[in-house]
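Dear colleague,

I am handing over the structure we spoke about, which you will find just below.

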Amino acid sequence: NMPLANIQRSIDRGSGKLGGEQIVDVLYEGYGPDGVAILVECSTDNLNRTYPEVRLAFSKHGGRIAEKGSVAYNFNHKGLIRVTSKGEEVLLLAIDAGADDVEEEDTDTVIYTDPKKLAEVRDKLKSQNLTISEAELTYVPINTVKVSDPATAGKILRLMDALDELDDVSAIYENFDIPEELIDKQ
């Protein structure tokens with residue numbers, strides 16, 4: 001659902017074909033419907049274009065952009081490593097490698113680290129012959145907002161879609177919890 005010209009411009013910008021623009025990473029903070037906290041991570045060559053686009057997406061979908069620091073306190077900055085196996089052995093290896101926290105999911109194990117130790121822990125886990133499917137820096141919500149109203153859930157999901165469609169957005173972090181049955185109704 002994205003014009004080919006936008007995709008090509010993003011590819012050209014990332015590969016340096018558009019010239020000597022400097023890419024800047026920026027983190028915008030905002031609140032969505034029902035007070036959900038949202039962090040929007042962008043990589044842009046033009047802050048004068050990106051900020052209004054993000055602000056417009058928030059305002060069109062019942063949210064508002066916030067001052068720096070007013071939303072980020074709801075999140076912990078962590079390193080995240082996803083391992084494609086689980087069990088007590090993985091837990092022990094992760095702890096030995098320096099993990100802060102370990103959570104088992106359906107088929108994977110998610111390991112959280114200090115952001116500065118992400119590469120070190122990842123490398124130690126690789127050396128133990130664990131298969132790593134993902135390793136990245138992320139923002140983990142401290143508390144989540146349970147959304148039970150279908151109308152509010154729809155507004156939040158439309159806001160997330162609008163932010164995701166922006167060219168310069170590289171990641172979105174949020175603290176809402178919408179039950180699967182409400183997502184399916186949208």
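Helices here are DSSP runs of H or I with at least four residues, and strands are runs of E with at least two, both numbered from the N terminus. With that in mind, please note that this is a predicted model. Being four residues apart in helix H4, Glu120 and Lys124 are separated by about one helical turn, and their side chains meet in a salt bridge of 3.3 Å from N to O. Glu120 counts as partly exposed at 40% relative accessibility, and Lys124 counts as partly exposed at 35%. Salt bridges with shared partners also join Arg82, Glu105, Asp108 and Glu134 into one network.

As for the chain as a whole, its secondary structure comes to six helices and ten strands. Its C-alpha atoms fill a box of roughly 50 × 45 × 30 Å along the principal axes, and buried residues make up 37% of the 186 residues.

**The sheet around E6**

Four strands form an open sheet in the order E5-E6-E4-E7, with antiparallel pairing. Its edge strands are E5 (101-104) and E7 (132-141), each of which pairs on one side only, and the twist averages 25° from one strand to the next. Strands of a sheet pair through backbone hydrogen bonds, either parallel or antiparallel.

Strand E6 (residues 109-113) is joined to E5 by four bridges, the two running antiparallel, and Val102 stands opposite Ile111 in E6. On the E4 side, five bridges join strand E4 (residues 75-83) to E6, again antiparallel, and the bridge partner of Val83 in E6 is Thr109.

How many of the five residues of E6 are buried? Five of the five are, so E6 is largely enclosed by the rest of the structure. In a regular strand the side chains alternate between the two faces of the sheet. In E6, Thr109, Ile111 and Thr113 point one way, while Val110 and Tyr112 point the other way, and all are buried.

Although Asp106 and Ser85 are 21 residues apart along the chain, their C-alpha atoms are separated by 9.7 Å.

**Other salt bridges**

Side chains of opposite charge can pair when their charged atoms come close. The count for this model comes to nine salt bridges, including the Glu120 and Lys124 pair described above. Another of them links Asp100 with Lys78, where the closest N and O atoms are 3.6 Å apart. Asp100 lies in the loop between helix H3 (88-97) and E5, whereas Lys78 lies in strand E4, so the pair ties together parts that are 22 residues apart in sequence. Asp100 is partly exposed, with a relative accessible area of 46%, and Lys78 also counts as partly exposed, at 21%. A further salt bridge joins Arg49 to Asp45, with the closest N and O atoms 3.1 Å apart; Arg49 is partly exposed at 26% relative accessible area, and Asp45 is partly exposed at 23%.

**Two loop residues with positive phi**

Most residues other than glycine have a negative phi, and most peptide bonds are trans. Asp34 has a positive phi of about 65° although it is not a glycine; Asp34 lies in the loop between strand E1 (24-31) and strand E2 (37-44) and counts as exposed at 53% relative accessibility. Asn129 likewise has a positive phi of about 65° without being a glycine. Asn129 is found in the loop between helix H4 (118-127) and E7, and counts as exposed at 71% relative accessibility.

**Two further places to look**

Leu4, Ile7 and Ile11 make a nonpolar surface patch of about 300 Å². Of these residues, Ile7 is found in helix H1 (residues 4-15) and is partly exposed, with a relative accessible area of 36%.

Is Thr152 buried or exposed? Thr152, which lies in helix H5 (residues 150-164), is buried, because its relative accessible area is 15% and buried means under 20%. Its side chain makes a polar contact of 2.8 Å with the side chain of Asp149.

With best wishes

Technical notes:
Residues are numbered from 1 along each chain as its sequence is written. This is a predicted model: local features need pLDDT of at least 70, side-chain atom pairs count only at pLDDT 80 or more; totals for chains, interfaces and linings use all residues. Side-chain values use heavy atoms; hydrogens and water are left out. Patches are made of residues with over 30% relative accessible area and no salt bridge: like charges are joined within 9 Å, nonpolar side chains (Val, Leu, Ile, Met, Phe, Trp, Tyr) within 5 Å. Accessible areas come from the Shrake-Rupley method with a 1.4 Å probe; for residues, only the protein chains shown count as cover. A salt bridge is a side-chain nitrogen of Lys or Arg within 4 Å of a carboxyl oxygen of Asp or Glu. Buried means under 20% relative accessible area, exposed over 50%, partly exposed in between (1.4 Å probe, protein chains only). Two strands pair if DSSP finds at least two bridges between them. Axes are lines fitted to C-alpha atoms, for helices over the stretch in contact, and angles run from 0 to 180 degrees between N-to-C directions. A polar contact is a pair of N or O atoms within 3.5 Å; within protein, one must be able to donate a hydrogen and the other to accept it, and residues adjacent in sequence count only if both atoms are side-chain atoms.
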